[in-house]
Amino acid sequence: MPINSGIFFSQPKHQLVDINTAYIEALTILEHTDMTGDTQRIHFYDSSELSKKTTLDFKLNKSLQLIAAIKENATPLIQELLKELTDEHFLAALPINIRQYYTSSLFNHLIALINQENLPMTETIFKQLDQPLLTTHLYPTLSKLCCEIATNIAGLKDSKSSMQKQAIIAYLKDNFRDPDFSLENFAATFNVSTTFLTKFIKQETGLSFAKMTAELKLDYIKSKLVETERPIKQIIYDAGYYDVSNFTRKFRKLIGLTPGDYRKHHKENGYAEKNPVI
C-alpha cells in the first residue's frame with residue numbers, strides 16, 4: 001500500500017525504536033495516505049471495528065513552518081506553532097492509533113532535522129525522547145526538544161560563519177599580490193556575492209576592498225624595502241604592480257619619499273617601521 005511518510009531508523013537508541021514501534025503499530029491499520037497541497041489525508045480502519053473506514057485530514061504547513069522556525073531559532077514562533085500542533089483537545093479527539101501516528105510523525109520530523117543538520121544527539125535530546133508520546137506533556141516535551149535543536153543549529157551556524165570569516169581574511173592576506181586578484185574572483189572562491197564581500201571587508205577593516213588591497217600591497221613593499229636587499233623594481237613587481245614609474249609617484253605622494261629614499265632613510269636610522277596588517 002502506498003505510504004508517503006517515511007519511517008526513521010538510524011539512531012541505535014531504544015527510545016527511538018519505541019517511537020517507531022508506535023509509528024508502525026499505527027501504520028498497521030492505515031489503508032493509505034495521500035497528499036493534496038499542504039494536506040495529508042489519512043485513510044484508516046478503526047482498531048476495534050476493522051470494517052469501519054475513516055478519513056482524517058492533517059494540515060502539514062504547520063509542521064513545515066515549525067521546522068523552518070527551528071532552523072532560524074525563532075523561539076516565539078516555535079512556541080506558537082507547537083501549541084497548535086499539540087493542542088490537547090485536538091489530540092484527545094483522535095483515535096488512539098492515529099494519535100500514535102501523528103505524535104510519532106512529529107518526533108520523526110525533528111529527528112530527521114537533527115540528521116539533516118548533522119547535529120549531535122545530546123543527552124538533553126535523548127531525555128526528551130524518553131518522555132511518553134501520548135500524554136498531556138507532549139507540548140513541554142516537544143518544546144524542550146525544539147529549543148535544544150534550534151540552539152544547536154544556531155551554534156553550528158555561528159561556528160561556520162566564524163570559520164568562513166577567518167578563511168576570507170586569510171585568503172585576502174595570501175593572495176592580494178596576485179595580479180589577477182579581483183573582487184569578483186575573490187567572491188567566486190567563497191561562493192558569496194560581491195556585495196556581501198564588500199560589506200564584510202568594510203566591516204572587518206574599515207576600508208573598501210580596493211583600499212584594503214592597496215594598503216596590504218603598500219605594507220608589503222615598505223617591509224621588503226627595509227628587510228631585504230632585493231631590487232626595488234622586483235619588489236614592486238612582486239606586490240602586483242607592473243608600472244614602476246606610476247607606483248613610485250604614488251609612493252612618494254603617500255609616504256613623502258621615493259622607495260629608494262625610504263629604504264635609505266630606514267637603514268640609516270637602524271630600524272624598520274612596523275606596519276599593521278589585518
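**View A. N191 in the loop between α8 and α9.** In this predicted model, N191 lies in the loop between α8 (183-189) and α9 (194-205), where helices are DSSP runs of H or I with at least four residues, and strands are runs of E with at least two, numbered from the N terminus. The phi of N191 is near 55 degrees, a positive value in a residue other than glycine. With a relative accessible area of 73%, N191 is exposed; exposed means over 50%, buried under 20% and partly exposed in between, using a 1.4 Å probe and protein chains only. Residues are numbered from 1 along each chain as its sequence is written, and side-chain values use heavy atoms, with hydrogens and water left out. Because the model is predicted, local features need pLDDT of at least 70 and side-chain atom pairs count only at pLDDT 80 or more, whereas totals for chains, interfaces and linings use all residues.

**View B. N73 in the loop between α2 and α3.** The loop between α2 (61-71) and α3 (75-85) holds N73, which is not a glycine and yet has a positive phi of about 55 degrees. N73 is partly exposed, with a relative accessible area of 33%.

**View C. The contact of α2 with α7.** Two packed helices are described by the angle between their axes and the distance between the axes. For α2 and α7 the angle is about 45 degrees and the axes are 8 Å apart, the axes being lines fitted to C-alpha atoms, for helices over the stretch in contact, with angles running from 0 to 180 degrees between N-to-C directions. The two helices, α2 and α7, are therefore oblique to each other, given that angles under 35 degrees count as roughly parallel, over 145 as roughly antiparallel, 65 to 115 as roughly perpendicular and the rest as oblique. From α2, L66, I70 and K71 meet C146, I149, A150, I153 and K157 of α7, where contact means heavy atoms within 4.5 Å. By class, this contact of α2 with α7 has six nonpolar, no polar and two charged residues; Ala, Val, Leu, Ile, Met, Phe, Trp, Tyr, Cys and Pro count as nonpolar, Asp, Glu, Lys and Arg as charged, and the others, Gly among them, as polar.

**View D. The cysteines C146 and C147.** The structure holds zero disulfides, a disulfide being a pair of cysteine sulfur atoms within 2.5 Å. The sulfur of C146 is 7.0 Å from the closest cysteine sulfur, that of C147, which is too far for a bond. C146 is buried, at 0% relative accessibility, whereas C147 is partly exposed, with a relative accessible area of 26%.

**View E. The largest nonpolar core.** This core has 28 residues, of which L172, F186, L197, I201, F209, I221 and F251 touch the most other members; a nonpolar core is a set of buried Ala, Val, Leu, Ile, Met, Phe, Trp, Tyr and Cys residues joined through side-chain atoms within 4.5 Å. At least two residues of this core come from each of α7 (138-175), α8, α9, α10 (209-227), α11 (232-238) and α12 (244-255), and the largest share, eight residues, is supplied by α10.

**View F. The contact of α10 with α12.** These helices, α10 and α12, pack at an angle of about 90 degrees with their axes 12 Å apart, and they are therefore roughly perpendicular to each other. The contact is made by L218, I221, K222 and L225 of α10 together with F247, F251, L254 and I255 of α12.
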